[in-house]
Amino acid sequence: MKAGVLVLAVLVAVLAGCGSGHQQAAPPTQTHPKPKPKPKPKPKPKPPHKRIGKPAKLVVTILDGDQRVRVRGARVRLAGKTGRTDRHGVTTITAPRRRIVVSVSRRGYMPVSERVDFRHSRWQTVDVYQPGLQWPLYGATTARTQAPEKIRLRPPFRLVWSRGLGRLIEFPAVVDQGVAYIGNARSIVHAISMRSGHFDWVHRTPGYPRMASSPAVYGNEIVYHTMSGRVYVLERSNGRLEWSWNAGAAIEPSPIIVNGIDYFGTAGGEMYALDLHTHRLKWRRYLGAKITSSAALADGSLFVGDYAGRLWALSPANGSTHWVKTVNGKIYGTPAVAGGRVFVPSSTGNSLTAFTTGGHYLWRDTAGYYVYSSPAVADGVVCWGSYTGWFYGSSAATGRILWRIPTGGPISGAPVIVDGVAYVGSFAGRIIGVNLHTGRRLLTFPHGEYVPVSGNGARLLFNGFSRIYAVEPRRSKRRQLAR
């Protein structure tokens, strides 16, 4: 019975779905064609510099950074492999194309290790520098001779570039590995490329204390002193402050750094030996009178003058006294040491006095007015100046005045001797250069004030009142065409 009812229900449903004859059938469902697949982009070829890590022939050229000549026979080491440069200053070493530390050594040059990027080019150049062509501290040498022995640059010169420093330049730049470091009277320290004259960096000392000295280069650091009594140590590559130390009294002397020790005196009469590695004093010594003289180091002694008119010879190891002698007035400037003799300027004594490095008196020359000028000495001649405006050349052995010439204004800064030419600035606002042995004038530069010259093996830096000028020897037309 139940099965019959189910069949009947199904039959009724079918008849109802058919309906009457006038109803239309539902339209057929429309179908869209499938879209064509997009072509896959072809992979771009990898640029050559993406092949990092694959061995390649790396070509390294070694160049004298100052004289811009290629260096033959240099030993080059990278990625555990070693090569030597040929007569063109080139060596080829197979190694991965990436950033690699390249180490270079060559007799007569400072060793170099720097990271070089070979990812973009297989051909790279590394500069090396001769120590004798650098000017890393005030006075050019630790004996403060104001006379670099190996720099060979003579007038006539041509101007390459100049840069204004905004304030008075009382002390000259120091130069090392292609960069000049110089501070102005407001303790703004500049790093300037010797090739382009562009500022690599500028460091502004907090509070802008007065600065009356040159900085010094020590390894990867720049050290300078200020009249606020602080020693500042900067990172050489970017000018960032690493640390500072307070002496408690004005520091006018320029740094002299030997074996990591910075030796200097203060206006409070203290002499300090500051260890730049530990940031602590190695020793201190109270001398009893104001010190503005920078220290000179030679023949195993530190030589420094004070306002009591005393020349001290101290032990660099512990500050003990080797000997002490007096001159006829305050010692403001810096002694120079050469040939077993110490040459000492006396500001109020208006004189230059010579002693042996053992402390025996030799001779004294006198001018008519203040002698603030630190002396320069080379090849048996001592050059010094006075507030009278006269520039002197004296025999280092006897003190006999060989020549003297007028400069037109008081001389306050130290003269400098380069390649047989003695330079001096004066308040007449110019620099003159004379033959070291005869005093014959060879150059007049229309800008100058205090210390006239520093530089390196390629260029000299002439210091005006607030602007620095880079000059190099003029070349003949024939030499210019040959280049």
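Arg-77 stands opposite Thr-82 of strand β3. In this predicted model, the two strands concerned, β2 (residues 75–78) and β3 (residues 81–84), run antiparallel and are joined by 4 bridges. The hairpin that they form has 2 residues between the strands, and Ala-79 takes a positive phi near 50° there.

An antiparallel arrangement also occurs in an open sheet of 4 strands, with the order β13-β14-β15-β16. Strands β13 (216–218) and β16 (241–246) stand at the edges of this sheet; each has a single partner strand, so one side of each is left without a neighbour in the sheet. From one strand to the next, the twist averages 20°. The pairing of β13 with β14 (residues 221–225) is antiparallel and comprises 3 bridges. Within this pair, Val-217 has Ile-222 of β14 as its bridge partner.

The protein chain as a whole contains 39 strands and 2 helices. Of its 483 residues, 52% count as buried. Among contacts with a separation of 6 or more, 46% are accounted for by residues 24 or more positions apart.

The structure holds 1 cavity of 30 Å³ or more, and the space in the largest cavity is about 30 Å³. Its lining includes Leu-168, Ile-169, Glu-170 and Phe-171, together with Gly-183, Asn-184 and Ala-185, and also Met-211, Ala-212 and Ser-213. By class, the lining of this cavity divides into 6 nonpolar residues, 3 polar and 1 charged.

The largest pocket has a volume of about 590 Å³. It is lined by 25 residues, of which Asp-66, Gln-67, Ala-458, Glu-472 and Arg-475 are the closest to its centre. Charged residues number 12 in this lining, with 8 nonpolar and 5 polar residues besides.

The second largest pocket holds about 520 Å³ of space. Its lining consists of 22 residues, and those closest to the centre are Asp-176, Gln-177, Tyr-181, Asn-220 and Arg-236. Two or more residues of the lining are given by each of the elements β6 (112–117), β10 (179–183) and β12 (199–204). The largest share, 3 residues, comes from β6. The lining of the second largest pocket has 9 nonpolar, 8 polar and 5 charged residues.

Note on methods. Residues are numbered from 1 along each chain as its sequence is written. This is a predicted model: local features need pLDDT of at least 70, side-chain atom pairs count only at pLDDT 80 or more; totals for chains, interfaces and linings use all residues. Side-chain values use heavy atoms; hydrogens and water are left out. Two strands pair if DSSP finds at least two bridges between them. Axes are lines fitted to C-alpha atoms, for helices over the stretch in contact, and angles run from 0 to 180 degrees between N-to-C directions. On a 1 Å grid over the protein atoms alone, a cavity is a set of points where a 1.4 Å probe fits but cannot get out, and a pocket is an open set with protein on both sides within 12 Å along at least five of seven lines; lining residues have an atom within 4 Å of a point. Grid points are joined across faces, edges and corners, and a volume is the space filled by probe spheres set on the points. Ala, Val, Leu, Ile, Met, Phe, Trp, Tyr, Cys and Pro count as nonpolar, Asp, Glu, Lys and Arg as charged, and the others, Gly among them, as polar. Buried means under 20% relative accessible area, exposed over 50%, partly exposed in between (1.4 Å probe, protein chains only). Contact means heavy atoms within 4.5 Å.
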